[in-house]
Amino acid sequence: MAELKEADAAQLHQEDVDIKRGEDGDEPPAGDKAAEQAVKIEAAADADARPSTTTSERHVSIQTKLEGLEMLVDLNGAGRKSCPLCPEEKFKACYSHKLRRHLQNLHWKVYVEFEGQRMCICHLPCRNLKPSLSGDQASGRHVAHYHCVVCSVTIARKTDMISHLKRHVNKGETEASYSGSSDVTLEEPAPSGQAYEIMKELGTNVQLLPNHTTPQKSDTYFNRKMKTNRQLVFCSLAVLAEERNPLECLDAFGATGIMGLQWAKHLRGAVKVTITDISDTCVKMIKENCELNNIRVDGGSRGPRGPDGVGGEAKVAPNATVEVAKMDANVIMHLRPFDYIHLDPYGTAVNYLDAAFRNVRNLGIISVTSTDTGSLYSKSPNVTLRHYGCHVVRTEYYKELAARMIVATVARAAARCNKGIEVLLAVALEHFVLVVVRVLRGPTQADESAKKLRKLVHCQWCEERVFLKLGNMVDDTLPCNCHGSLPGKTAVQLGPLWCGPLFNTGFLRRMLSAAVQHSMDDIQPLVKTLICESECTTLKSLVHGASALSNQVECGVVIKTLQSGEESGPDQSGKRKTGDESGNVVKKLKSDASLEHPPFYYSIHRHSIRGMNMPKLNKFLQYLTGAGFRVSRTHFDPTGVRTDATLEQFKSVLTKYSVPTYTTATAAQTSVSTEKRTVRTADELKPEPQAELCCWLRFTCSHAPQ
């Protein structure tokens, strides 16, 4: 707006000069007129090409320090000066010392802080006039307001602005996401006539369309809440890159391409990234984002754009190379083999599992992200049966039930290709379920994986659960006695589900090392929780240094990792070592079933005793450990406890350390009842008047004359 006002003022000044020249009678030559007209047309074109201030510039009331607010006006100069945040009719021009106090007391002291940015109160006519009491808006006054640092909306009250910023945080929209918008020159407007938004995540800039949050209306859908998912996938790929490189990895559903660009930008030569999408708009957006991050697109020699279609002043060597292809995900996975495949479609990924397991290399990794939480979390059982072939009901452990259901579907898809799986990671949060598995070739591995698909017997009364073994009856399987004490049948069969472990301790420890190495502070607490959950322990001593990068045992498989000082030899060309010196990169060991974490968890609030105060969760974990059980917290539920104790044992320990609840009302009622009993006892000692009268009548009748 300020630039447009300056352009209008310059145009008015030029018109005044022309009028004066016309009055004096000396007109400029025709050549000068043409030159001036060309300059005006070029200025107008530049003004039209500028992006909107809501996406490229922040309001002057948003500053980081008080000095920045004082720099809006030259306070060192002489003369009277106007306030940059107040109109003339509200605050008249004054000298520097008075203006400085005005800026400090009226604007700076009532700021709202968010992510290091301070939004000062603004009195400029940015909002509509507040109508007067008579209803005349022209005679009203301007309302003081704040400008949001994220979306540039104006809000009058400070408390409303704080609530507005909290909603941005809940949606994953923070000030840091828009930090790169002022550093990048946007040249092409969006199809809707608005400018692109620039989002920065993990050092990678991507362009976003204005409607990127609505998947039904935008091809380049982007969800800020999936940042945790992207970081977990990145760490799993970084761990695989330590085992062998270069890796051929595929981001099958690129959209904006942010995930594949993060892989290429941070792992560089260790990976060969391929990003595919079926939409022309997405492919074009991915290529532009590659140019924005100085990443060369394989098959094209375009660099960062400069004026007149020429490259910048000094061409910078590209950071990495990415292959971008417009192709269906099933087609490219059938045509080419990959070491790492990530599937993140909109909804369920069951339609792409067969193609993913067809050409994935041995010991490769497939990560699957499912966002169809309606069917996974038992809100649409008919859709669950249609997509996953599983019967489920709503339980207290529904998130782990969803993770085991997806793993079972992945295992069946792998078995159809004569391949088995080893589950490395399974995370179920509010918006998605992420499953990461390692692929093991051979029918023997496929048979071992298929044996871990079992039915689950669930008691709908007490919510006890146990995996069904072959040859056992339903009522005899559950350790609870609800089927005997209650009429009818109380148990149902769910599944088939994956009954094996959901986590791998060695892989998670190396993921924690990768998260520390790449400064991913957001997911480090989550990964630490997963490590404790995989070991079913409450210990917090986690090693994520160089010692964690040695050989790791993953579900009975020894994985040899590349050390920094070792000579990788043939591995640099992408081939695996063969012979005795390789040490058999994969070496089978006898798995120890006792080290596997127990399935499912119990919610301490679900099984609390009425009228009793429960112990604190950490104290309760210590009590269960002292009773001889394995316990740990779980990321599936903040109030959940993963333990190998049965529900009856769990409740007995909970009852033992729960304290009865005594309220003041209960104590008052107890004292009143005690007083009543005391009064009644004293009254019982006195003879009743009716009893005395009856005794006198009997005595009189007996002694009366006949």
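These legends walk you through several close-up views of a predicted model.

Residues are numbered from 1 along each chain as its sequence is written, and side-chain values use heavy atoms, with hydrogens and water left out. Because this is a predicted model, local features need pLDDT of at least 70 and side-chain atom pairs count only at pLDDT 80 or more, while totals for chains, interfaces and linings use all residues.

**View 1. The whole protein, before we zoom in.**
The secondary structure comes to 23 helices and 26 strands; helices (H or I, at least four residues) and strands (E, at least two) are DSSP runs, numbered from the N terminus. Of the 706 residues, 43% are buried. Here, buried means under 20% relative accessible area, exposed means over 50%, and partly exposed lies in between (1.4 Å probe, protein chains only). Among contacts (heavy atoms within 4.5 Å) between residues at least 6 apart in sequence, 65% join residues at least 24 apart.

**View 2. Helices α7 and α8 where they cross.**
The axes of α7 (residues 227-243) and α8 (residues 258-267) come within 11 Å and cross at roughly 40°. Axes are lines fitted to C-alpha atoms, for helices over the stretch in contact, and angles run from 0 to 180 degrees between N-to-C directions. The two helices are therefore oblique to each other: angles under 35 degrees count as roughly parallel, over 145 as roughly antiparallel, 65 to 115 as roughly perpendicular and the rest as oblique. Their crossing is right-handed; a crossing is left-handed if the near helix is turned anticlockwise from the far one by less than a right angle, and right-handed if clockwise. On the α7 side, look for Asn229, Arg230, Val233, Phe234, Leu237 and Ala238, which meet Ile258, Met259, Gln262, Trp263, His266 and Leu267 in α8. By class, this contact has 8 nonpolar, 3 polar and 1 charged residues, where Ala, Val, Leu, Ile, Met, Phe, Trp, Tyr, Cys and Pro count as nonpolar, Asp, Glu, Lys and Arg as charged, and the others, Gly among them, as polar.

**View 3. Val233 and its neighbours.**
Val233 is found in helix α7 and, at 0% relative accessibility, counts as buried. Leaving aside residues up to four places away in sequence, Val233 touches Met259, Trp263, Tyr340, His342, Ser367 and Leu434. Val233 and Trp263 are 30 residues apart in sequence and 9.6 Å apart in space, C-alpha to C-alpha.

**View 4. Helices α18 and α19 side by side.**
Here the axes of α18 (residues 505-517) and α19 (residues 524-535) come within 9 Å and cross at roughly 165°. That makes α18 roughly antiparallel to α19, and their crossing is left-handed. From α18, the contact uses Thr505, Leu508, Arg509, Leu512, Ala515 and Val516; from α19, it uses Gln524, Val527, Lys528, Leu530, Ile531, Ser534 and Glu535. These residues divide into 7 nonpolar, 3 polar and 3 charged.

**View 5. The two faces of helix α13.**
In α13 (residues 381-388), Val383, Thr384 and Tyr388 are buried. They cover an arc of only 105° around the axis, which puts them on the same side of α13; the arc is that of the directions from the helix axis to the C-beta atoms. The buried residues of α13 pack against β13 (360-370), α12 (373-376) and α14 (398-416). Turned away from that side are the exposed residues Asn382, Leu385 and Arg386. Just after α13, you can find Gly389 with a positive phi of about 65°.

**View 6. Helix α15, seen down its axis.**
Gln445, Ala446 and Ser449 are buried in α15 (residues 443-450). These residues fall within an arc of 100°, so they line one face of the helix. The face turned away from the buried side carries the exposed residues Pro443 and Thr444.

**View 7. Backbone spots worth a look.**
Most residues other than glycine have a negative phi, and most peptide bonds are trans. The bond from Asn245 to Pro246 is cis, with omega near 5°, and Pro246 sits in the loop between α7 and β8 (247-251). Another cis peptide bond joins Gly495 and Pro496, with omega about 15°; Pro496 is found in strand β18 (residues 491-498). Glu115, in the loop between β2 (112-114) and β3 (117-119), has a positive phi near 55°. Asn294 has a positive phi of about 60° and lies in the loop between α9 (280-292) and β10 (296-297). Glu115 is partly exposed, with a relative accessible area of 47%, whereas Asn294 counts as buried at 16% relative accessibility.
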